[in-house]
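Hi,

Here is the structure I said I would pass along.

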Amino acid sequence: MFPALKSTGLSDAAIRRAWVAFRKGAWQIDVLLRLWREYVMGLKGWQEHRYEGYVPVTVDITVFWRPALKRCPSKHYHPAANRALPAVIFGISGEVGELNGQRMALPRAFERVHPKDTSENGLWQMTLKHVQKGLREDEIVVVDAGMKISVLQETGIERYLIRLATNFTARRNVLPDHHRGRKAKYGKLVRPLPRQYNGKTLAATPPDETYTWEENGRRLRAEIWRNLVLNKVTPDPKNRVFDVYAIYDPAFEQPWLLATPVKLKPESVRAMYKDRWPVEQIPLSAKHMVGAHRQFVHNPESVQRLPALALLAGSMLSFLAATFPATPTGFWDRKPKRTPGRFRRLLIGQPFPKDVNLPGQLREKKSVTGHLPKGNLARWLKTANMAAT
């Protein structure tokens, strides 16, 4: 961190003041996000995405790995290690829009784990509850397959779009006709996609509706099952029902299995789920473009504040890249795009702007420490004094 700040032209004293301000809580990420959102929404080129009157609000979880950090506040499963490793996890939420023809997510909040419940499931529930409190009537929550419909219903979210597992099953919200034997307790089972079990193929349930349309020269097909409930829910007219869409696209080997309680066209359902992808660009820019995946701190509060600040910087980098002309990486880059990686290469080596009016003193200094040794010299003197005693 210190070499990075030093490269911008700041003095050693200014770097120390900035680091103290970072650790002592001189800023709050919620305030910074609010100011950043107001700035982006004020841009002339910013356009929010809207489908049949609904704005998609994406929710996701991102991870900053800290395997060597002692007393790490949380853990996350690492597929290469085949076990959970210490990591700092954050919940990200934000609506999707477009700037200069580039689709991107505008973050609303970065949620850290609760001190008393540091599990990933607890973070998901807390993030979804906060999203539900600020969700407007014309917004719909979009999440990936890692989430479950039951969790969304428990948190009180009424409008959602979720991707389901390929072996997902649900039930009808009505009891089947009774002929003989014991009366059925649950509705008839619905299996949207065929499945292999013990060497046998379990056939898919015929859809209630089918729909086809053309998009970019490809013919897409959607199979729809209406008014379904979860497997362990008994039929009741007051149940919260949802529709399942199986969308077949020639560009993908497997169909997309999506569920939503909102009555939407298949084209809108597919477009809404595609708008979930831009939320993954925020941590990608923060980790690999800004370099936050290599910046390690150990103070308990700094462990949470540094990733949140890096996520905000990653979002800013993506938006600034969309407002600047596309810069090629080299002679081979004949059709450059406005990406955060190209914009970062453009900024490398550029001097820190000198025309920005910064205050001469950021905060009042409450104690005189100019006569005290600092940095490595202070540690050496402390070690020497302890050895002498």
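Asp249 counts as buried, because its relative accessibility is 6% (buried means under 20% relative accessible area, exposed over 50%, partly exposed in between, with a 1.4 Å probe and protein chains only). The residue sits in the loop between strand S14 (242–248) and strand S15 (256–260); helices (H or I, at least four residues) and strands (E, at least two) are DSSP runs, numbered from the N terminus. What does the side chain of Asp249 pair with? A polar contact of 2.7 Å links it to the side chain of Arg270. By polar contact I mean a pair of N or O atoms within 3.5 Å; within protein, one must be able to donate a hydrogen and the other to accept it, and residues adjacent in sequence count only if both atoms are side-chain atoms. Setting aside neighbours within four places in sequence, Asp249 is in contact with Arg218, Leu220 and Arg270, where contact means heavy atoms within 4.5 Å.

Before you go further: this is a predicted model, where local features need pLDDT of at least 70, side-chain atom pairs count only at pLDDT 80 or more, and totals for chains, interfaces and linings use all residues. Residues are numbered from 1 along each chain as its sequence is written, and side-chain values use heavy atoms, with hydrogens and water left out.

Now the overall numbers. The protein has 10 helices and 15 strands, and 39% of its 389 residues count as buried. Of the contacts with a separation of 6 or more, 58% are between residues 24 or more positions apart.

The largest nonpolar core has 34 residues, and Ile162, Phe242 and Val244 have the most contacts inside it. Helix H4 (residues 120–133) gives the largest share of this core, 5 residues. Another core, of 33 residues, lies apart from it and includes Phe110, Val279, Ala292 and Phe319. A nonpolar core here is a set of buried Ala, Val, Leu, Ile, Met, Phe, Trp, Tyr and Cys residues joined through side-chain atoms within 4.5 Å.

Val244 touches, among others, Phe168, Pro192, Trp225 and Leu257, not counting residues up to four places away in sequence. Phe168 itself is in the loop between strand S7 (160–163) and strand S8 (170–172), and counts as buried because its relative accessibility is 15%. Beyond its neighbours within four places, Phe168 has contacts that include Ile149, Val190, Arg191 and Phe242.

Arg71 is not a glycine, yet has a positive phi of about 55°; it lies in the loop between strand S2 (55–65) and strand S3 (75–78) and is exposed, at 79% relative accessible area. Asn198, also other than glycine, has a positive phi near 55°. Asn198 is in the loop between strand S10 (195–197) and strand S11 (200–202) and counts as exposed at 66% relative accessibility.

Over to you!
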